[in-house]
Structure formats: structure tokens, C-alpha cells
Amino acid sequence: MNAPTQIAKHFREVIFGGNWCTVNLKDTLQDITWEQANTQVSTFNTITALTYHIGYYVTAVLKVLEGGSLDAHDKFSFDHPVVTSEADWQQFQGKIWTEAEKFATLIEKLPEEIIYQDFIDGKYDIYFRNLVGIIEHTHYHLGQIALLKKMILST
């Protein structure tokens, strides 16, 4: 299995399941209502905010994989749309699942040699670091979402 295929596999697993830690974003969000997703616990980000934040960076890198420019700014990465109904919440998640699958598919199509080349330019390191970084970033925030979910469901 070449590097792009392996990276795409690991990304799909953290989003859709099958990783060795047995926790993934889709299953974790599956039984969370829109009200729970918007529940503020102490000063922590909401599940909605964290979910958007994960998707924000996937979308930004997806645009690069589609041939566009990198247009992501940390200061906007938590500026999620307002979710005021279950339909909003499902649509919100649907966009993430669609873009995640598109992201993985485009990674699989990358030529192996590009994985070790500069991502956009040298200041962003190489493709490998950015793609694996998206996976690490997703795992990190997925852990936060899982803890928030436990706190919200226990009250």
C-alpha cells in the first residue's frame, strides 16, 4: 500500500470508523441532538464548535487538493454556522461527511512522490505533515468531543 492510500485509510478511519482505538467522529456524533451539540459545558467549546473546527481544516486542505489555494485562518476556525434545529445539525454533519470522503478520495489519487514535496510552499512543510496533521488534529478534538458528550449525557 503506498503512502497516499495509507494516509487516506487512516483519515477515513478517524472520521468513519475502523481505527484501532475504535472511536470515530461519525459514530460519536450519531446520537447527539442539536441541543446537546450546542450545550455549553463550563468554558469549553461546544460539540458544534469542535465539529466545525475539525471540518474547517479539512475543507481548507481539500481546496488545495482540488487545485485551489490555501485560505484558512485560525481566527475563523471556530466561527460555525448557527444550529437551531435537528435539520440544521444533520445538514451540518452531512457536509462534513461529504467533504471528508472527497478529501480521502483525493488523497488516494495523489502520486506517491508529491507526499514528500512542499505543501503550497516551504513555510507549510510537506504534504505528508499536513495530511497526517489533519488526522492528528481530528483525533485530538474527537477526544474532546467524546469527553463533552459524556459530561452532557451524565447531567
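Reader: Which residues of α4 meet W89, F92, K95 and others in α5?

Author: Let's start with the α5 side of this predicted model, where the list includes W89, F92, K95, I96 and E99. On the α4 side, the residues that meet them are I47, T48, T51, Y52, V58, T59, V61, L62 and L65.

Reader: How many residues of that contact are nonpolar?

Author: Three groups turn up when you sort the contact of α4 with α5. There are 3 charged and 3 polar residues, and the nonpolar ones number 13.

Reader: At what angle do α4 and α5 pack?

Author: Helix α5 covers residues 86-108, and α4 covers residues 47-65. Their axes are 9 Å apart, and the angle is about 35°.

Reader: Is the crossing of α4 and α5 left-handed or right-handed?

Author: Handedness is one more way to describe how this pair is arranged. For α4 and α5, the crossing is left-handed.

Reader: Is Y56 buried or exposed?

Author: The relative accessible area of Y56 is 13%. Buried means under 20%, so Y56 is buried.

Reader: Which residues do ring pairs link into a cluster?

Author: The whole structure has 8 aromatic pairs. Some ring pairs join up into a cluster, and its members are Y52, Y56, Y57, W89 and F92.

Key:
Residues are numbered from 1 along each chain as its sequence is written. This is a predicted model: local features need pLDDT of at least 70, side-chain atom pairs count only at pLDDT 80 or more; totals for chains, interfaces and linings use all residues. Side-chain values use heavy atoms; hydrogens and water are left out. Rings of Phe, Tyr and Trp (its six-membered ring) pair if their centres lie within 6.5 Å; planes under 30 degrees apart count as stacked, over 60 as edge-to-face and the rest as tilted. Helices (H or I, at least four residues) and strands (E, at least two) are DSSP runs, numbered from the N terminus. Buried means under 20% relative accessible area, exposed over 50%, partly exposed in between (1.4 Å probe, protein chains only). Axes are lines fitted to C-alpha atoms, for helices over the stretch in contact, and angles run from 0 to 180 degrees between N-to-C directions. A crossing is left-handed if the near helix is turned anticlockwise from the far one by less than a right angle, and right-handed if clockwise. Contact means heavy atoms within 4.5 Å. Ala, Val, Leu, Ile, Met, Phe, Trp, Tyr, Cys and Pro count as nonpolar, Asp, Glu, Lys and Arg as charged, and the others, Gly among them, as polar.
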